[in-house]
Amino acid sequence: MDAVRLDEVSKAFGPMHAVNGLSLTIRQGEILGFLGTNGAGKTTTIKMMLGFFRPDAGSLSVLGGDPCEPATRKKIGYMPETAYYYPYLNVRELLSLYGGLCGMSKPEIREASERLIERVGLADAGSRLLRHYSKGMLQRAGIAQALLHDPDLLILDEPFTGLDPLARIQFRDLILELRQRGKTVFFSSHELSEAELICDRVAILKQGSLVWCGAVSDVAGDGQQNLERIFLKMLGGADEKSARQSLASDSEVKS
Amino acid sequence: MSVRVRQIQALARLAVLELYRRKDLIVVFVLSAVVLLPLALLTPFGVAGAGRYMNEMALLLVWLFSLVIGLGVSARLFPPEFESRTIYPMLAKPVARGTILVGKYLGALAASVSALTVFYLAYGFMVGARQGVWFPAVFVQAFILHIGFLVVVTALGLAGSLLLTPSANLTMCGLSVIGMLFFGQRLPSLAAAQPLPGRMVLTLIHWFGPHVEFFDLRQRVVHEWPAIGWGVCGVVLVYAAGYAAVCLAVASLAFRNKRF
């Protein structure tokens, strides 16, 4: 079963078409990077996948269900792009809040919180209020809340923003570890190098439409930042047609 | 414990924690102590009977502070969530929007009632120490009906926070509550004395406005009049629950249709 299936999904806000006939599948247990420039429709797609609103056209299923239903969202972990959390709580209270919202019992929350606080490296700052956290620390708290209820699908919106190099490595390791445990990871990013390092597949979005989707292993490996090259060609315009043709043979191409 | 109860509990706890950590409430507590303590100790103009005047002042302040806290907490439940985008991870959790609304409302109510309890205890001890009358039945009724007042005010503030901008919400709710508190009883006679457009407006306000004056037993407490019937008390509380339910239904509609 596919973890996520989007079929000709469209969403418009007034005259602006944020997502335009997007078809994409995310296989279970894979890491898929969702790339695109600002305003390409990445966050709108993520919001539809989380059930914040329904698409205007097309169909969308997440883990075989409707994300607007709480039962489906129970299997989804989400980390937002801007990791601002309640400034008057500490990370334990934050996780207790989100654990409660997931319907977890107090012992379950306590056990999962302590494990995750340790895992994301916030053990020393566990009792400090979040308003005293740096951006990187808030990102760590964000990933901890996303993983709290052990979801099958993890949706991360710009997860590497604000992380220092060490935290990036730890975060990358964590994502790879999640894949090893059979979890599906979907993340939007501007960080092409990170996507190239950890993704199984990458999808590139332009003006709400999918312009390229393929395996990273097909394009990487010659040390010349091939993903960046593809990204620029797909979004650049001038050479777009020929780039698509040359890549069509080894990758899934949609426009 | 059911999942929904856990969710509501978590949300309510958030509202209470935020209120106390934000320290706004501490300021109100200190302010009330500064005002109430001298009232407890003073015998104005050397006249023992003038203590009633002091009690009236103190109760008016308790009402004012409770309105500020009730409205302040409820009006701030959602706008900061939208502004700082903390609403996204919350909506991404397996929780229905209706549950979020109810949890936040109960949290705001719990926080406001906890502050109200402190005010009433302070007032009760102040009057008891001066007059030797400790927590009479009418005082208990005044406290219970004041909770009913907060039931209405927090629901009104919450609904307004989803329909209006924060400043417009505070202004509208504050004006309507204070207006009804002082003129609510007189609205029918005021309406009768007006020409048609004015009469219609006042009649509409009379029917749809929050009749917070129903909850006001200040005069009875100050003048040590007998307690009202508990049945009347119950009817007024049913009115509070009904009014709050309507406000929450409106808020629920607005929250369901809100685009994030």
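The model is predicted; local features need pLDDT of at least 70, side-chain atom pairs count only at pLDDT 80 or more, and totals for chains, interfaces and linings use all residues. Residues are numbered from 1 along each chain as its sequence is written, while chains are lettered from A and ligands numbered from 1 in the order in which they are written.

Chain A contains ten helices and nine strands; helices (H or I, at least four residues) and strands (E, at least two) are DSSP runs numbered from the N terminus. Of its 255 residues, 45% count as buried, a residue being buried if 20 or more other C-beta atoms, placed from the backbone, lie within 10 Å of its own, exposed if 12 or fewer, and partly exposed in between. Among the contacts in chain A with a separation of 6 or more, 67% are accounted for by residues 24 or more positions apart; two residues are in contact if their C-beta atoms, placed from the backbone, lie within 7 Å.

An open sheet of six strands in chain A has the order β5-β6-β7-β3-β8-β9, with mixed pairing; two strands pair if DSSP finds at least two bridges between them. Its edge strands, β5 (76-79) and β9 (209-215) of chain A, each pair on one side only. Direction ignored, neighbouring strands are turned against each other by 15° on average. Strands β6 (residues 153-157) and β7 (residues 184-189) of chain A run parallel and are joined by five bridges, and A:Ile155 has A:Phe186 in β7(A) as its bridge partner.

Two helices of chain A pack on this sheet. Helix α6 (residues 165-180) of chain A touches β3 (31-36), β6 and β7 of chain A, and its direction makes about 150° with that of β7(A). Helix α9 (residues 226-236) of chain A touches β3, β8 and β9 of chain A, at about 25° to the direction of β8(A). Axes are lines fitted to C-alpha atoms, for helices over the stretch in contact, and angles run from 0 to 180 degrees between N-to-C directions.

A:Ile204 lies in strand β8 (residues 201-206) of chain A and counts as buried because it has 24 C-beta neighbours inside 10 Å. Beyond its neighbours within four places in sequence, A:Ile204 contacts A:Leu35, A:Gly36, A:Val211, A:Trp212, A:Phe231 and A:Met234.

The contact between the chains takes 25 residues from chain A and 24 residues from chain B. On the side of chain B that touches chain A, α1 (3-21) and α5 (87-92) of chain B are the elements giving two or more residues, and α1(B) provides the largest share, nine residues.
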